[in-house]
Amino acid sequence: MGTKQTKGCQPGSAGESPPAHHRKKVPPKERGDFLTSLVVKSGEKFGKGGGSSLPPYHRRICMIQDMLVLVKQGKQEEATELLRHLRQDLGMESTSLDDVLYRYASFRNLVDPITHDLIISLARYIHCPKPEGDSLGAMEKLCRQLTYHLSPHSQWRRQGIMKRKPQSCLKAVLMGKPQDNTVDLSGIPLTLKDLDRVTSYLQHSSEHIDTVELCFTELTDDMLLQLLPALCVLPHLTTLSLNGNRLTKAILRDLTETLKDPKKFPSVTWIDLGNNVDIFSLPQPFLVSLKRRCPKQGNLPTILEFGEGQVSDLESQDG
């Protein structure tokens with residue numbers, strides 16, 4: 001699941017403007033003010049309450065859309081700055097585009113390698129545009145792919161309207177035997193009250209569940225902790241999807257400790273934690289525990305060697 005080493009433009013050219021592009025120089029202070037306001041607006045597009053009241057994926061999708069608009073307007077420097085904010089928001093900590101394009105081109109983002117791959121491709125199109133072919137069309141395709149990957153797929157509309165699944169869908173899912181052995185609650189905003197019903201269903205249907213989809217359900221750390229006792233004892237659960245929520249890296253400690261017990265999550269092969277608040281890499285004990293549960297699966301994302309990439313705080317403490 002790691003990303004592949006790919007070749008970009010010649011080293012040293014990543015930070016240079018293509019000779020064919022003539023742009024009006026914008027003073028750094030004005031450019032900084034412009035980008036600050038743009039990032040704020042990006043977070044507010046989907047709600048009157050501002051970006052802080054919405055899950056992180058809303059802000060990230062808006063940043064992708066705004067970046068594409070800037071490229072179409074020929075504002076490459078502004079687009080580059082917005083891409084930098086997006087990279088940081090997604091956990092690609094380096095602020096140097098040279099690092100993204102070359103030094104960390106083979107770095108495996110353990111949580112979400114697909115996003116990492118698409119971001120690197122976007123960086124190349126912005127900084128190393130190809131004179132031949134439809135470069136803008138290729139970038140638009142990348143932006144569509146990244147938007148699709150970071151958003152609730154079945155709910156996304158080209159008009160930018162986000163339609164949530166009605167609460168009645170929850171009742172429908174929690175009735176009868178799980179279809180295809182999957183409990184799919186993705187896209188249904190859950191409340192603390194809903195968790196009791198979900199927990200009860202998991203307990204009563206435990207023998208028939210091998211996949212639980214909780215993507216884009218507004219889950220917080222406390223909510224996942226409430227569900228964890230019911231989830232970790234499912235005997236046949238192989239995949240737990242938690243992406244697109246409000247989870248923070250604090251939850252990794254609880255998940256890692258749970259995985260250390262072989263009786264818990266006995267059949268799990270993967271837990272998807274991408275596109276959350278600040279979960280960018282997974283602790284090594286977390287990955288080692290998953291590896292022990294599925295030794296035949298040769299390529300879990302990857303257990304980083306010490307010194308490669310960035311080691312999480314939890315990893316340092318456990319080490």
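Colleague: What should I keep in mind before I start?

Modeller: Residues are numbered from 1 along each chain as its sequence is written, and side-chain values use heavy atoms, leaving out hydrogens and water. As the model is predicted, local features need pLDDT of at least 70 and side-chain atom pairs count only at pLDDT 80 or more, while totals for chains, interfaces and linings use all residues.

Colleague: Which residues of H8 are buried?

Modeller: An α-helix has 3.6 residues a turn, so residues three or four places apart point the same way. Helices here are DSSP runs (H or I, at least four residues), strands likewise (E, at least two), numbered from the N terminus. Buried means under 20% relative accessible area, exposed over 50%, partly exposed in between (1.4 Å probe, protein chains only). In H8 the buried residues are Asp194, Leu195, Val198, Thr199, Tyr201 and Leu202. They cover an arc of only 165° around the axis (taken from the directions from the helix axis to the C-beta atoms), which puts them on the same side of H8.

Colleague: Which exposed residues does the face turned away carry?

Modeller: Lys193, Asp196, Gln203 and His204.

Colleague: And which residues touch the most other members of the largest nonpolar core?

Modeller: In soluble globular proteins, nonpolar side chains tend to be buried together. A nonpolar core is a set of buried Ala, Val, Leu, Ile, Met, Phe, Trp, Tyr and Cys residues joined through side-chain atoms within 4.5 Å. Here the largest has 41 residues, with Val212, Leu214, Leu231 and Leu273 touching the most other members. H9 gives the largest share of this core, six residues.
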